[in-house]
Amino acid sequence: MNGNIEVRGLSRTFHTTIRRPGFAGALRSLVNPERVAEHAVCDVTFSVAPGELLALLGPNGAGKSTTIKMLTGILTPTEGEARVAGVVPYEERERNARNIGTVFGQRTQLWWDLPVRESFAILRDIYEVPRAEHAARLREFDDLLDLSSFWDTRVRHLSLGQRVRSDLAAALLHDPPVVFLDEPTIGMDVVVKEQVREFLRHQVEERGRTVLLTTHDMTEVERLAERVVLINHGRLVLDGTLDEIRREFGSTWQVRVTLADPHTEVGPLPGIALLRRDGPQAVFGPDGPDAPTVHQALKQVIERYEVTDLALDEADLEDVMRAAYVHAETVAEGA
Ligand SMILES: Nc1ncnc2c1ncn2[C@@H]1O[C@H](COP(=O)(O)OP(=O)(O)OP(=O)(O)O)[C@@H](O)[C@H]1O
């Protein structure tokens, strides 16, 4: 599978007409419409390697869905270009459709009045998937998503969790190398969320699929993504691994250990300061811009000292992302 995603200088502007209030206003809008431009996505460049899961993050209205719509071929960019598995999505929508699977958590792509399994059969015929392959893939998805308990039910009668699990299976039945997921676990309970995440991990790690995921759920990001791209007001403000972003915006971790021998001499380690020492207890924290991540620091500390107990405090990802947005806003204001 060659499922890379390349986005270069991608922009999308929407022109909308302002509706003035009241009857007189409506009349004026009709005669003399006032048009405004909404720059939903501005000059965005990033890429996703084959077999990588990238989280596309940003506040409400940042431009995430608009970006995904351009990559799925639903929208044409105003400027710039995109390639998904080598295909320009908005120029060759049908070819692109064969290479991608799409799940929008907020709406279904299944046939509302048909039992789920019949929707799967229709998709098999549309994508010309050989029957044996289709059956094998359904078995695999059933094992991971427990679909058979409800796949004879009409889609309209499914719970949200059942519906999204069905949507996920439907999106992958034709074995696409690239998958777009727009808030796939929104509104789900924790058990189903975890089942869906496990399924996605399996699809990335075992099947080598490339996944572009949008979510507001930072637990999801921590569980699934190694790299994130952050957009704000349509512009890309950050592209990096979670480790890099934590290092830059979340340097507030502490590693607390209890030493096996309370008389052990303890000192700083590379990039790690000794913050406190109290008998057998020692507390370490980041030292300078090249400080390691909390996980690397933990490794260094337990490799150097013999400890009987340890605890980690780290800035949670919500805080880290908030700091990254604040930084982006400050840079934008200064520009
Ligand atoms: N068809 C459209 N016509 C006009 N404006 C649009 C259209 N679609 C999106 N927009 C605007 O573009 C901006 C980006 O919207 P988009 O849906 O891409 O954001 P998002 O990051 O996906 O937000 P959310 O997290 O709330 O889903 C918003 O200001 C939105 O109002």
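Helix 2 gives the most to the shell around the ligand, namely three residues. The model is predicted: local features need pLDDT of at least 70, side-chain atom pairs count only at pLDDT 80 or more, and totals for chains, interfaces and linings use all residues. Residues are numbered from 1 along each chain as its sequence is written.

**Ligand shell**
- The residues around the ligand are Phe14, Thr16, Glu38, Ala40, Gly58, Asn60, Gly61, Ala62, Gly63, Lys64, Ser65 and Thr66; a residue is near a molecule if its C-beta atom, placed from the backbone, lies within 6 Å of it.
- Strand 1 (5–18), strand 2 (34–48) and helix 2 (64–71) are the elements that give two or more residues to this shell.
- By class, seven residues of the shell are polar, three nonpolar and two charged. Ala, Val, Leu, Ile, Met, Phe, Trp, Tyr, Cys and Pro count as nonpolar, Asp, Glu, Lys and Arg as charged, and the others, Gly among them, as polar.

**Fold and domains**
- The chain has eleven helices and 13 strands, taken as DSSP runs numbered from the N terminus (helices: H or I, at least four residues; strands: E, at least two).
- Domain 1 covers 5–241 and domain 2 covers 251–314, with bounds from an automatic or database domain assignment.
- A distance of 42 Å separates the C-alpha centres of domain 1 and domain 2.

**Whole chain**
- The C-alpha trace spans about 75 × 60 × 40 Å along its principal axes.
- Of the 335 residues in the chain, 35% are buried, meaning that 20 or more other C-beta atoms, placed from the backbone, lie within 10 Å of the residue's own.

Notes. A residue is buried if 20 or more other C-beta atoms lie within 10 Å of its own, exposed if 12 or fewer, and partly exposed in between; C-beta atoms are placed from the backbone.
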